[in-house]
Amino acid sequence: MELACRNLFVYGSLRSGFNNPAYTYISKYFTLLGNAYVKGKLYQLTEFPAGVPTDDNHLIKGELYTIKVPAECSWAIAQLDDYEGVQAEEDETPLYKRVLTTVQINGVEKQAWIYWYNGSVEGGVLIEGGDLLAYLKQKGML
């Protein structure tokens, strides 16, 4: 598990451009490798973004990180699981699920954890360019 969990792909509020307090946590335990892409569709729901995997040509733009201290990876990821709502109460469905996925960075494929949305995106707005940060800036929401 330690080797598999070294990399983390983020596409929403954990990206550096959002200045979310959770980003302080990310930057403490992970090193930014750069902008990257995954196959998927990105939706803006009422309160948060929702990335869902796809086999077609849609891409989601985000950032790829790697853990600074490999021995801390399981603990650091567990904290992010809590933030992303992976562990739900018994009578609730988890908001996101953490999955290993293929990430493209500078023409190279890497494996990384991603938090895919675990619910319906019906009623959400498809972000055509796959870049939440650019979308929110264009809409004057950031």
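Here is a short tour of a few spots in this structure, which is a predicted model.

Let's start inside. The largest nonpolar core has 43 residues, and the ones that touch the most other members are Leu8, Phe9, Ile26, Phe30, Ile77 and Leu80. Strand β6 gives this core its largest share, with six residues.

Next up are two neighbouring strands. β2 covers residues 30-44 and pairs with β3 in the antiparallel sense, over five bridges. The two form a hairpin, with four residues between them. Within it, lysine 41 stands opposite valine 52 of β3. As for β3 itself, residues 49-53, four of its five residues are buried, so the strand is mostly covered.

Now for two residues that sit in other surroundings. Here is how accessible they are:

| Residue | Relative accessibility | Class |
|---|---|---|
| Asparagine 106 | 72% | exposed |
| Valine 125 | 41% | partly exposed |

Asparagine 106 is found in the loop between β5 (96-105) and β6 (108-117). Its phi is near 50°, which is a positive value in a residue other than glycine. Why does asparagine 106 count as exposed? Because its relative accessible area is 72%, and exposed means over 50%.

Valine 125 belongs to strand β7, residues 125-126. Leaving aside residues up to four places away in sequence, valine 125 touches Leu42, Tyr43, Gln44 and Tyr135. Proline 49 is 76 residues away from valine 125 along the chain, yet their C-alpha atoms are separated by 9.5 Å.

Methods
Residues numbered from 1 in each chain as written. Predicted model: local features only at pLDDT ≥ 70, side-chain atom pairs only at ≥ 80, totals over all residues. Heavy atoms only, no water. Buried < 20%, exposed > 50% of the residue type's maximum accessible area, 1.4 Å probe, protein only. Core = buried A, V, L, I, M, F, W, Y, C linked by side-chain atoms within 4.5 Å. Pairing = 2+ DSSP bridges. Contact = heavy atoms within 4.5 Å.
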